[in-house]
Amino acid sequence: MDSAVRMEDGNAGEGRTEALTGAELTGAGPVAAELSVILPSFNEAANIPILIGLLDEALAGIAWEAIVVDDNSPDGTAEVARKIAGSDARVRVIRRIGRRGLSGACIEGILASSAPFVAVMDADLQHDETMLPKMLAALKADDTDLVVASRKVDGGTIGEGLSSFRAWGSNLANGLAQKLLNVTLKDPMSGFFMIRRDKAEALAPKLSPQGFKILLDLVSSAGGTLKIKELPFTFRERQHGESKLDTLVTLDYFGLLLAKYFGNVVSVRFLMFGLVGASGLFVHLAALRVFLLSDMEFNLAQTAASFVAMTSNFFLNNQLTYRDRRLTGMRVLIGLLTFYAVCSVGVLANVGVANLIYADPSYWWFAGTAGAIMGAVWNYAASSALTWRKT
């Protein structure tokens with residue numbers, strides 16, 4: 001049996017690993033992979049060796065490869081995977097620098113494959129690798145294009161992998177996807193699936209490299225042309241590391257829903273910027289009200305509120321809208337100052353328009369809103385071109 005990694009002692013991360021190449025065991029050259037398993041990763045150094053060993057056991061008798069797509073993890077995930085790849089030709093590594101995001105990593109991994117079938121699964125051990133042979137068999141047995149490991153069909157459960165709050169959020173997100181995009185999948189939020197590579201290749205130009213829900217993007221972009229089968233599975237508890245799904249991913253998800261709902265007329269990034277801007281409007285009005293209650297003159301209060309909102313927008317955009325170009329270290333301070341500078345024109349327009357409208361203290365909210373909207377038009381273009389420009 002081919003063995004990428006043999007684990008001893010049965011303890012996750014504690015056993016010694018031995019790598020044997022497929023050529024050593026078969027006495028022949030490497031066999032072309034029938035299945036590519038795409039493993040998007042960020043800070044999964046402790047999990048990658050374990051997962052490769054589990055894949056080796058689960059996929060015995062199947063010609064497979066694992067493509068680890070790592071977003072330049074600071075914990076050395078790429079180096080760990082590359083060490084395994086050094087003695088096992090079935091393991092490949094793509095290290096992404098200056099690009100981040102689960103969907104983008106999945107797309108790059110799929111496009112790097114030559115196998116007729118590709119599977120996407122998390123590298124955090126929460127997805128059951130023993131499902132892979134069943135999924136492959138389902139694709140090969142009939143004319144199915146996509147097989148989804150589902151927590152929502154009979155026999156599938158969330159298990160201990162999600163907290164009650166995240167489970168509630170997942171159910172809400174599923175419902176929104178089904179209603180807004182007419183997606184018939186019972187679990188469109190699943191991140192564990194297998195697809196014919198030629199189908200994924202054909203859909204790739206329509207997919208967004210941002211966000212976390214690559215399956216939803218695939219299915220909605222296909223417009224009902226994919227023949228789909230869902231198989232039940234149980235979502236397992238994470239063993240090492242921390243979840244990458246912070247609360248800001250909620251905005252990211254709604255951006256994807258809106259982009260798909262409007263037929264990709266506008267980009268997900270633009271919608272993300274708009275959603276952050278909407279949150280900034282509330283920050284702006286709250287700050288403006290506080291300043292006015294402290295007897296600050298309106299023009300000064302409006303200016304101060306604008307900078308409070310800009311600061312909030314900068315940090316939210318840095319975490320969410322431009323997460324693939326995220327500024328860190330001293331670049332955050334430089335970026336913030338740049339953001340202030342390029343948005344100065346917007347602030348001037350903001351204050352000017354608000355001042356023209358403001359005539360009665362009871363209409364402070366209307367004047368503030370009009371000024372904030374005027375300033376937002378400039379902010380997107382300036383920030384995209386200068387603050388978070390591609391390097």
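Visitor: Let me start at the end of a helix: which residue follows helix 10, and what is its phi?

Guide: Asp295 comes after helix 10, and its phi is positive, near 70°. Helices (H or I, at least four residues) and strands (E, at least two) are DSSP runs here, numbered from the N terminus. This is a predicted model, in which local features need pLDDT of at least 70 and side-chain atom pairs count only at pLDDT 80 or more, while totals for chains, interfaces and linings use all residues. Residues are numbered from 1 along each chain as its sequence is written, and side-chain values use heavy atoms, with hydrogens and water left out.

Visitor: How do I read the span of helix 10, and what length does it reach?

Guide: The expected span is 1.5 Å times one less than the number of residues. Helix 10 (residues 268-293) has 26 residues and reaches 38 Å from first to last C-alpha, close to the 38 Å expected.

Visitor: Which residues of helix 10 are buried?

Guide: Buried means under 20% relative accessible area, exposed over 50%, and partly exposed in between (1.4 Å probe, protein chains only). In helix 10 the buried residues include Val268, Arg269, Leu271, Met272, Phe273 and His284.

Visitor: Now the strands: which way do the residues of strand 8 point?

Guide: In a regular strand, side chains alternate between the two faces of the sheet. In strand 8 (residues 193-196), Phe193 and Ile195 point one way, Met194 and Arg196 the other, and all are buried.

Visitor: Which sense does the pairing of strand 6 and strand 8 have, parallel or antiparallel?

Guide: Two strands pair if DSSP finds at least two bridges between them. Strand 6 (residues 117-120) pairs with strand 8 in the antiparallel sense over four bridges, and Val118 stands opposite Ile195. Strand 7 also runs antiparallel to strand 8, joined to it by three bridges; there Val148 stands opposite Phe193.

Visitor: Where is Ser150, and what does its side chain contact?

Guide: Ser150 is in strand 7 (residues 146-150) and is buried, with a relative accessible area of 0%. A polar contact is a pair of N or O atoms within 3.5 Å; within protein, one must be able to donate a hydrogen and the other to accept it, and residues adjacent in sequence count only if both atoms are side-chain atoms. The side chain of Ser150 makes one with the side chain of Glu230, at 3.2 Å.

Visitor: How many salt bridges are there?

Guide: A salt bridge needs a side-chain nitrogen of Lys or Arg within 4 Å of a carboxyl oxygen of Asp or Glu. The count comes to nine. One of them joins Glu34 and Lys140 (2.7 Å, N to O). That pair links distant parts of the chain, 106 residues apart: Glu34 is in the loop between helix 1 (22-26) and strand 3 (35-41), Lys140 in helix 5 (residues 131-141). Glu34 is partly exposed at 23%, and Lys140 is partly exposed at 47%.

Visitor: What are the accessibilities of Glu65 and Arg92?

Guide: Glu65 counts as buried at 10%, whereas Arg92 is partly exposed at 31%. Their side chains meet in a salt bridge (3.1 Å, N to O). Glu65 lies in strand 4 (residues 64-70) and Arg92 in strand 5, so the pair ties together parts 27 residues apart in sequence.
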